[in-house]
Amino acid sequence: MSVSRPDFIRADEVLHDQLSPARVRELELTYGNQELLYGLGLLELSGPFTRVTPWELEDERGVRRINASGFAAVPFGDMPPVLTAFLHDFLDHSRAMGLPQQSVSPWRAALQANLVRLLARELPSHAGSQVFFCSSGTEAVEGALKFAKAWRPRSKYQISFSSAYHGKTLGSLSLTPNPEYQDIFRPLIPGAVTCPYGDLDALGRLIRRLGPDNVTCVIVEPIQGEGGVNVPPGGFLRGLGELCRRHGIVVIADEIQTGLGRTGHWFESAAQGLDADIITLAKPLGGGLTAVGATIVRHDIYKKMLGGLSSKRHSNTFGGGTLAMAVGLKSLEYLIDHDFPARSLALGEVGLKRLQELKARFPKLFEEVRGQGLLLAMQFRPMVGVPLPAALQEIVFEATAILALRELHGAGVMANLSLSSKRTVRLTPALDMPDEVFGRMFDRVEAFAQTHPNARDLLLKTPPAMTAKLAAFAASKPKKRTPSDG
Ligand SMILES: Cc1ncc(COP(=O)(O)O)c(C=O)c1O
């Protein structure tokens with residue numbers, strides 16, 4: 001007997017583009033994170049966008065943009081042929097269970113072996129390390145925090161750094177010192193302490209004050225991504241490692257954004273002289289197609305939490321799933337075959353030089369430009385130059401980056417905000433973006449700067465009706481939205 005399902009949308013309808021862009025927006029605004037999508041819609045940034053090439057997307061009017069967004073999780077552009085061709089083969093030929101869970105799996109076996117061997121090539125002390133797979137960056141961090149705590153069960157403090165970003169589930173959020181994300185969830189996990197990023201002396205003093213035996217772990221991004229692309233002073237990470245080793249404190253290198261090539265090295269922490277006990281990976285490992293997170297852990301620490309009958313102490317349902325592992329394995333192979341970290345380092349130098357030239361030419365627009373490899377940042381001057389009360393200042397800072405993002409879109413470049421740095425917009429292009437597209441992207445950033453030579457132009461060039469709607473949105477209480485509200 002067939003059941004009438006008048007409201008159900010069939011997969012084929014989506015596959016064959018039978019949902020119009022307007023209907024997609026309406027459904028998203030009704031059933032999804034409507035405030036976020038409404039805000040982006042006001043800025044004409046909500047899409048949907050479709051793929052023209054892996055590196056270029058277009059909106060429903062056919063306007064094309066070079067994609068330098070994706071929050072560093074799109075290493076080869078959208079739907080890269082290397083992965084889509086492989087997926088056809090995989091679906092035709094793989095006979096492995098979809099969710100092997102507690103049985104062994106060829107795909108998981110291969111990916112974890114490759115990850116550990118890759119790491120041990122840089123850091124031989126990791127030759128015996130083991131991997132725990134999950135499905136997001138924040139989950140990889142949660143796992144890392146639990147491994148550290150199980151290793152030092154009587155300790156009670158975890159140290160992270162100012163402007164750090166480790167995720168938004170409760171454990172990782174506790175170590176992401178950003179009041180906007182933390183405040184209404186307090187109390188968070190007890191014992192999370194913040195130290196100034198890059199300040200080794202301050203870290204030494206903090207560890208002494210807390211008592212070294214009381215400190216479980218120090219978690220650090222080798223270059224801060226969401227914090228606005230902050231490269232620590234030379235020697236900081238090496239010194240951090242030596243300090244923690246002296247006291248037996250577990251070091252977690254959060255390489256979720258930096259790892260596997262974006263900043264020009266396989267593991268940025270290793271390149272900066274840090275031999276961390278635990279390394280978290282995620283974003284690029286999923287090839288921009290699937291969710292793969294990994295926590296790589298020294299053997300002894302792994303065993304302490306997951307030894308004998310306690311080996312079920314930490315688990316998840318989907319980590320190590322076959323589709324995710326297969327995409328991860330192929331993504332890693334593509335990165336290795338083409339030595340993309342080296343390309344990223346070289347191309348990043350070209351990109352940073354272009355940004356530095358722009359900063360010199362347009363000092364009233366750019367306050368600072370920063371970056372390493374293909375993790376590049378533009379920090380804008382505030383679009384309102386007069387002193388303002390602190391709360392208003394914060395809003396102006398955020399609006400500056402949001403309007404810059406919109407104007408960059410207008411110039412044909414999709415970029416990223418930075419979740420823990422209000423005035424910073426980041427460019428995180430694919431590691432395999434062709435030179436010509438890469439150059440064109442900077443020509444477009446230059447065109448954007450030429451039309452907005454002063455940060456206040458970001459405000460002046462925004463249509464007044466849009467500014468009014470944005471201001472009303474910023475001031476409003478959450479309410480039910482529809483696309484027609486815009
Ligand atoms: C360094 C770092 N750690 C953790 C995370 C959280 O990853 P996810 O968004 O996959 O949970 C991010 C995300 O931006 C990150 O950059």
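Predicted model: local features only at pLDDT ≥ 70, side-chain atom pairs only at ≥ 80, totals over all residues.
To the contact between them, domain 1 contributes 21 residues and domain 2 contributes 17 residues. On the side of domain 1 that touches domain 2, at least two residues each are supplied by helix H14 (340-361), strand S11 (366-372), strand S12 (375-380) and strand S15 (424-427). Helix H14 gives the most to this side, namely five residues. By class, the residues on this side of domain 1 comprise nine nonpolar, 10 polar and two charged.

The ligand is surrounded by 15 residues, of which the closest are Gly 137, Thr 138, Gly 167, Ile 256 and Gln 257. Helix H6 (residues 137-151) provides the largest share of this shell, with three residues. The shell around the ligand consists of five nonpolar, seven polar and three charged residues.

Four strands form an open sheet with mixed pairing, in the order S1-S2-S3-S13. Strand S1 (50-53) and strand S13 (413-414) are the edge strands, each pairing on one side only. Within the sheet, strand S2 (residues 56-58) and strand S3 (residues 64-67) are joined by three bridges in the antiparallel sense. Leu 57 has Arg 65 of S3 as its bridge partner. Helix H16 (residues 435-451) lies across S3 and S13, and its direction makes an angle of about 110 degrees with S3.

Terms used: Residues numbered from 1 in each chain as written. Contact = placed C-beta atoms within 7 Å. Nonpolar A, V, L, I, M, F, W, Y, C, P; charged D, E, K, R; others polar. Near = placed C-beta within 6 Å. Pairing = 2+ DSSP bridges. Axes fitted to C-alpha atoms, helices over the stretch in contact; angles between N-to-C directions.
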